[in-house]
Each structure stands twice: as C-alpha cells, then as structure tokens.
Amino acid sequence: MLKRKILNDLINWKNTKDKECLLVKGARQVGKTYIIEEFGKNYYDNYVYLNFFRNPNLKNIFEGSLEASEIYKKMSIYIPNFKLVPNTLIFLDEIQECPNARSALKFLAIDNKYDVIASGSLLGISYKSVPSIPVGYERQLTMYSLDFEEFLWAIGFNENSISYIKEHFENHEKIENGINDEMFRKLREYIVVGGMPDVVNTFIETNNFSYVQKAQDKILFDYNDDIIKYAKNVEKPKIRKCYNSIPKQLAKENKKFQYSVVEKGSTSRKYADSVQWLVDANLVIPVYNVSNPILPLDAYSKEDYFKIYLNDIGLICAMYGFDIKAPILENSLSGSAKGGIYENLICDILTKRGYKLHFYKNDDNTQELEFLITQNSKIIPIEVKAGNSASVSLNNFIIEYKPPYAYKLITGNIGVSKTKITLPLYMAMFI
C-alpha cells in the first residue's frame, strides 16, 4: 500500500465533522478510490460502496425523494448484503455520474447517522447539471498524484532520512555532497516516473522505465478517452489539441500559453473554453501572470496571460516520449524543453503543497520569475533554474518589492545571501 498524506485529512474529517459530508476531488487515477476504500475498511465497523459509473442502476436510489430515510431504504433494494450500523461509512464513487446524489449530500449530512464520502474525477465539468449544490454541508478535499515526499516513501526512504534533509533546509546549512547528489538522482527519477499510483507501483515492481512509459501512455490514452466521453461534440477536437500542445508550449523560451501553438492563427475566442475544460477536469494547472505583486494576487492576475502545466510531472515527460527519459536521468538534457520540464516539476511540488501559484512578469517584459506564492500574508518570489545561472530578475524583484525572503531553486547546494535563499530543487518539498 502506498502511503498517502491525504489519509490524515480523512481521519481529521472523521474526528471533527459536524453534519458534514466529505467531497474528494481530483483527476482520474490519482488514487482517490483506493485510499478512501482503505480508510473505510480500517477506520469503520461497516463500509458501503456505490460506484455510479460501474453500476448505473444505482442512480435510481436518488430518484424521487432525497430524504435520508428514503435513500437508505432504496439502498437496501439495490445493494446486496446491505446493512447500516453505527460507525458506518458510505462511499459514493464517481458521483459526477449521478447529479442527484450530489444534491442528496445535504440531507445525508443533516441526518448525520452515518459518515458519507463522495468522490469524482470530473466534478468541475458536471457541476452545472447538479440540481442543488449542498453548500455548507460538504467539506472539500483535492487529491493529487504522489508528491515527491510520498514518492520517496514509496521507494524506501523513511521519516528519519527525510527529517535529516529537512533540518538542513530549516537551518540553511549546506548538505553533504554525497547526499545532495543522491537526492538529485531520486528527483530525476521522480521527474520521469511522476506520482500516478499505477506508474509508481510499476516502477517499484519492475524497475523498468519501458514499463513505466507504457503505464503512463495508458493514463494519457484514458485522459483523451475522457475528453471523447464527456466533452461536448464541438469541443472534443479542440480540447485534445490544447492538451496535446502542452509539451510544445513548455518547450518555448516564452512559456506563456499561446493559442497559435494549438493551431496557427488561432485566438482565445476559439480555444479559451477548451482550456477551461482541462482546468475543470483537473488535468492541467493554470498559473496566471501578475505584473503588480500586491495582495491578494488573484485580484491582480491577468486572466488572458497564463502558463499551463500538466497535473503530474511524469506525464509531461511521457508526452515528450520515451527517448527523453535517459537524458533526464543522466542529467544531460539541454535546451528550452529542459527549463519547461523543471518548471512543471516545481509547479507539481508546490501545488501539492497547497499553494495557489502565480508568476511574475513586469509590464515591459524585462523581468520574469517562475512563481509567486503567499506565506504568512507575504508575497514570496521563487526562481527556478535547471542549472545555476545568474538571478537578475530575482535580484531586481528583491530590491524593488523587498520581500522578507526569496527562494532560488537550483541544481546545486544551499546558500544564503541576505534575504535570498538558494536551495537544491528537491527542497521545494519543504517550502
């Protein structure tokens, strides 16, 4: 079993909820069903599972009255060996297939006899079809594929090993060269494998990168299949074009998402809705430009000026093809695509840390920083270097905006120069 941090969030919900269901969101195949099933079987005396995609007949349970007592009665008709006892968890999986079940969460929460978790992969796509969103009666969690720390756990690192590295981060002390080199080797493995549970398990079981690529290709095929199944007919080819353009978008020197890369001469008028579909499906992460770094960043972000990153670092490498894996693992990759891959890596790590990301580019396009985050009500700039080159934009940002500290992420070791903290790229997992 892969150890996942979200288990602690599930336990916390169980212990602190008050007339509140839990809704777990996230892209397909990030491990939502598996971890919720494990939680149900290990932390409850009774576990009831409904999957609306696998068994469409279960939608009938939520036709007519949505009162909790009526729902439980109908469950007893459609679910073999059904029973309800104290300390029962009811898991409504693929809930986007049954909009009425989403509305019913309110009444199940008010009833409060049993715990209810709902989960879905395309909730952002299907929310318009829900008759009534249960505002105030559901707590929401977003689940991602394994982050870098979870990947380290999966390949055998223990808590003490990671705590030792974290101490160097916290104390801003250089880490031994041998350990630093080994951590970069593991980071490059994470770049090519990513965090999708099936892919990570394939890597652990086979130690074969060809099999890793095949597992990733299957996920990419399934994602494209979801586009075919769930998108409106007129949008299907446009969404696929946008999704499949991301490797080219990130390989450019200017990594701003450009509709002309999707199709020559195209504009947002034709493709903006397609990009939004990918965002709503949790397949991509948008990072919007801010030229005036003032809180709140969302208020000053430019909705028409953004970058797009994939939801899993391993999948972007898979989209570039198997031949890119060896140069990444050997640290011999060069060119602008390398910069895009490392930006996607840090986006992956920071997003899974819970940050809402923006990037900085001033109005005259002379300075750019890969990411801005908010910590303790302060805007913190982050520069990402696939090597260890000069930091002109970061230095100028520090002079002009005077952040309490700033991060420069490099393929080197730890260093501090006044408010600028230089870190090895893998230490982004502690920011």
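**Pockets of the predicted model**

Strand 6 makes the greatest contribution to the lining of the largest pocket, supplying five residues. The structure is a predicted model, in which local features require pLDDT of at least 70 and side-chain atom pairs pLDDT 80 or more, whereas totals for chains, interfaces and linings use all residues. Residues are numbered from 1 along each chain as its sequence is written, and side-chain values use heavy atoms, with hydrogens and water left out. Helices (H or I, at least four residues) and strands (E, at least two) are DSSP runs numbered from the N terminus. A pocket is an open set of points on a 1 Å grid over the protein atoms alone where a 1.4 Å probe fits, with protein on both sides within 12 Å along at least five of seven lines; lining residues have an atom within 4 Å of a point.

The largest pocket holds about 680 Å³ of space, the volume being that filled by probe spheres set on grid points joined across faces, edges and corners. Its lining comprises 33 residues, with Thr142, Tyr144, Val279, Asn282 and Pro286 nearest the centre. Elements that each supply at least two lining residues include strand 1 (21-25), helix 14 (268-280), strand 6 (284-290) and strand 7 (301-310).

The second largest pocket holds about 560 Å³. Among its 25 lining residues, Gln29, Gly31, Lys32, Thr33 and Tyr34 are the closest to the centre. Two or more lining residues come from each of helix 2 (32-43), strand 2 (46-51), strand 4 (115-120) and helix 9 (197-206); helix 2 gives the most, with four.
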